[in-house]
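Trainee: Please take me closely through a single part of this model, and then say how the two copies compare there.

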Number of protein chains: 2
Amino acid sequence: VSGPAPLSATSRTRLTRHRELAATDRAALRAILDEAFVCHLGVVVEGTVRVVPTVCAPDWDGDDPAGTLYVHGSVAATSLVAAPDQTVCATVTLVDGLMLARSGFEHSIGYRSATVYAVPRPVVDQAELLRVLDLVVDHVVPGRAATLRRPTRKELAATRVLALSLAEASVKVSDGDPEDPPEDVATGTWAGVLALRTVADPPRTAADVPVGTPTPHDVRELARRLGAPPPPPPG
Amino acid sequence: VSGPAPLSATSRTRLTRHRELAATDRAALRAILDEAFVCHLGVVVEGTVRVVPTVCAPDWDGDDPAGTLYVHGSVAATSLVAAPDQTVCATVTLVDGLMLARSGFEHSIGYRSATVYAVPRPVVDQAELLRVLDLVVDHVVPGRAATLRRPTRKELAATRVLALSLAEASVKVSDGDPEDPPEDVATGTWAGVLALRTVADPPRTAADVPVGTPTPHDVRELARRLGAPPPPPPG
């Protein structure tokens, strides 16, 4: 399975440390972070590495010209408490398909991944926190934040958001056909790609919603965009 | 976004360290690892945590009664070289949907995740390595390994596989409806779930395959299982 280095590490230093990504990589980074809503956050807690799936959303219009990745969790999350004292690593991976080669060795995953290194800045300013919480909701469901009630003081106090600068980031993309050596291609064996996509089912209304309550526009629109079949006509 | 601790850390020690998972959690762990083919591997390299997406496959029939998670990469991958000298963390996350609550705070992701802590054992025995490479291919595309040529000596030398015992693992599952407080439910506002699924497109044959070469059964079967529309009839 997998060729030279399909889903595997690169030297942090060699690829990205202390340099801006090239413009093409910047665009790829943006595309990946705009599409993902979960990252895997790596933090050392009490001497052991911990990898935690965490909701995330990028911000391209803030003070940091490189952009910011906000990661979001509970104040009770040990990893988010430990994070601001160290350089953490956040990785986003979008799996696009399976590359089915003529040999096991050349089998690999088609994917796009982005890796960010940063010393996180906890978001404590209440105005920024309110703005970021809306940004995260709208990142997952565009247009939704404006339809919701405002967070309470207690909710804000229970929420922890970390800001990761995107100044130090790298992007890896593996796509196209499998790359078999000529002697394998010459055998005439089949090879190809099985593309994978994330699709939505039609929105499901919670059990405690009054009968007849319409599904909001923002939810219907996201479902449509993610390929859900249209809901049955009302009545 | 998110309630008490939706996608966030738990204390490694409190939940899982040095204890077997309960039987129900074992079954959940197995279901998650059987479904995923990418994990995020956390490794400390030169003092900094690194999170690397890596192909993985579980083995429930090996010597370790707890099961084994094999992670797979290139010998050139720094993280896989550094891993055997430390306790690493591998996390698998399956995103099942979006929980769309009445407030931003209660918004969360529906997911199943598994986290494993282990000091990796590099697989160096050639017989085990051959067996594991087949296991990984068949994990991703059931039945495929037997249809492929055997790995060459050179390919085996270029492949690095680590075995992670599943003795120390934890599982987190977030599912069901959003959990809004009674005062939000009382407003009659809509809430619900947008379920997400991974689906396949029809298999795409690589450009360098002779015209008319049929798509193998194992690939067609996986595509069918992942919801791809049936291919057009030949001719």
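Mentor: Strands (E, at least two residues) and helices (H or I, at least four) are DSSP runs, numbered from the N terminus. This is a predicted model, in which local features need pLDDT of at least 70, side-chain atom pairs count only at pLDDT 80 or more, and totals for chains, interfaces and linings use all residues, while side-chain values use heavy atoms, without hydrogens or water. Residues are numbered from 1 along each chain as its sequence is written, with chains lettered from A and ligands numbered from 1 in the order in which they are written.

The part to look at is the loop between β1 (38–45) and β2 (48–59) of chain A, where A:E46 lies. A:E46 is not a glycine, yet its phi is positive, near 50°. Its relative accessible area is 74%, so A:E46 is exposed (over 50%; buried is under 20%, partly exposed in between, with a 1.4 Å probe and protein chains only).

In chain B, the loop between β1 (38–45) and β2 (48–59) holds B:E46. Phi of B:E46 is positive too, near 50°, and B:E46 is exposed at 72% relative accessibility.
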